[in-house]
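Hi! Here's the structure I promised to pass on. Have a look at it first, then read my notes below.

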Amino acid sequence: MTANPDKKDAASRVGLADLGDTPRPYQVRLSPAELEEAARRLDVPAVQRLEADFTLIKSGVLVHLTGKLWADLTRICVVTLDELPESVAADFALDFTTEALPEVTGEEEVSIEDDEPEPLEADYLDLHDIAVQQLSLEMTQYPRKEGAEMPSSGKDDRNLSPFSILKPN
């Protein structure tokens with residue numbers, strides 16, 4: 001969960017050395033320039049608002065993050081290709097570890113469980129980056145304008161396949 005330090009504002013970074021076993025709250029409100037960058041990263045026409053509240057606790061090599069995010073963005077309908085608004089509000093929790101991953105050779109099979117903490121490659125967490133990543137997970141996968149339906153060909157669409165044009169009539 002690292003970002004290019006040259007491109008990120010240091011205000012969005014929380015140093016791991018600053019964390020302890022007491023919960024610490026943080027807030028993130030993206031600026032207009034950061035919202036434009038988020039829209040580019042998410043491949044959407046616009047992000048009008050992205051705000052997140054975080055609570056961080058560090059215990060040994062583990063960092064536990066809980067958060068809530070709110071976002072307003074513009075999406076493209078997968079049926080009509082029209083723009084449509086989407087609002088997102090979500091709670092989430094993430095776990096990180098400062099322990100390095102074991103070296104893996106090409107011969108070993110690696111299994112990563114969903115509940116395993118994500119290894120950190122830096123000595124900080126970038127909260128803007130985490131907010132954008134969480135938004136990407138919470139966005140509607142296939143946004144569809146209300147009432148939009150796929151056009152019908154007039155034939156029995158249940159038996160229609162991409163290869164049906166190859167069949168003789």
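This is a predicted model: local features need pLDDT of at least 70, side-chain atom pairs count only at pLDDT 80 or more; totals for chains, interfaces and linings use all residues.

Proline 32 is exposed, since its relative accessible area is 63% (exposed means over 50%, buried under 20%, and partly exposed in between, using a 1.4 Å probe and protein chains only). You'll find proline 32 in helix H1, residues 32-42; helices (H or I, at least four residues) and strands (E, at least two) are DSSP runs, numbered from the N terminus.

Residues are numbered from 1 along each chain as its sequence is written, and side-chain values use heavy atoms, with hydrogens and water left out.

How confident is the predictor? The chain's average pLDDT is 85, and 78% of the residues score at least 70 (pLDDT is the predictor's confidence in each residue, from 0 to 100). Over residues 1-8, though, pLDDT stays under 50, and the model has 22 contacts for them beyond four places in sequence (contact means heavy atoms within 4.5 Å).

Now for aspartate 126. This residue lies in strand S7, residues 124-126, and counts as buried because its relative accessible area is 0%. Its side chain makes a polar contact with the side chain of serine 12, at 3.1 Å (a pair of N or O atoms within 3.5 Å; within protein, one must be able to donate a hydrogen and the other to accept it, and residues adjacent in sequence count only if both atoms are side-chain atoms). A side-chain oxygen of aspartate 126 also reaches to within 3.1 Å of the backbone nitrogen of histidine 128, at the start of H2. Among the buried residues of H2 are Leu127, His128 and Ile130.

What about aromatic pairs? The count is one (rings of Phe, Tyr and Trp, its six-membered ring, pair if their centres lie within 6.5 Å; planes under 30 degrees apart are stacked, over 60 edge-to-face, and the rest tilted). Phenylalanine 54 and phenylalanine 92 form it edge-to-face, 6.0 Å centre to centre with 75° between the planes. The pair links distant parts of the chain, with phenylalanine 54 in strand S3 and phenylalanine 92 in strand S5, 38 residues apart. Phenylalanine 54 is buried because its relative accessibility is 1%, and phenylalanine 92 is buried at 9%.

Enjoy exploring!
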